[in-house]
Amino acid sequence: VTGASFVVFNGALKTSSGFLAKSSIVEDGLMVQITRETMESLRQALRDKKDFRITCGKVDAGDVKEYVDICWVENEEKTNKG
């Protein structure tokens, strides 16, 4: 679990790159590089206020995966106050 001050979603990742998605720490935030199709799905999930999971890593990496989960919560007391 990584806490971040901000998140940047970059929808310019090419499917030919060999990655499902890539995430990296940038200063005190998180940058997630995703494909255009994943960006469209993410935007729809945000509009619908639905949870969304982005699987990061190489396409052929097998079981070694990293996830970026976007979760809607009802109890704000457990979230970052900053």
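In which sense do strand E2 (residues 19-26) and E3 pair, and over how many bridges? The pairing of E2 with E3 is antiparallel and runs over five bridges; strands (E, at least two residues) and helices (H or I, at least four) are DSSP runs numbered from the N terminus, and two strands pair if DSSP finds at least two bridges between them. This is a predicted model, in which local features need pLDDT of at least 70, side-chain atom pairs count only at pLDDT 80 or more, and totals for chains, interfaces and linings use all residues. Residues are numbered from 1 along each chain as its sequence is written, and side-chain values use heavy atoms, with hydrogens and water left out.

E1 (residues 7-10) runs parallel to E3 (residues 29-33), joined by four bridges, and Phe 9 stands opposite Val 32 in E3. E2 and strand E4 (residues 52-58) run antiparallel, joined by two bridges; here Phe 19 stands opposite Lys 58 in E4.

Thr 35 lies in the loop between E3 and helix H1 (36-47). Thr 35 counts as buried because its relative accessibility is 8%, buried meaning under 20% relative accessible area, exposed over 50%, and partly exposed in between (1.4 Å probe, protein chains only).
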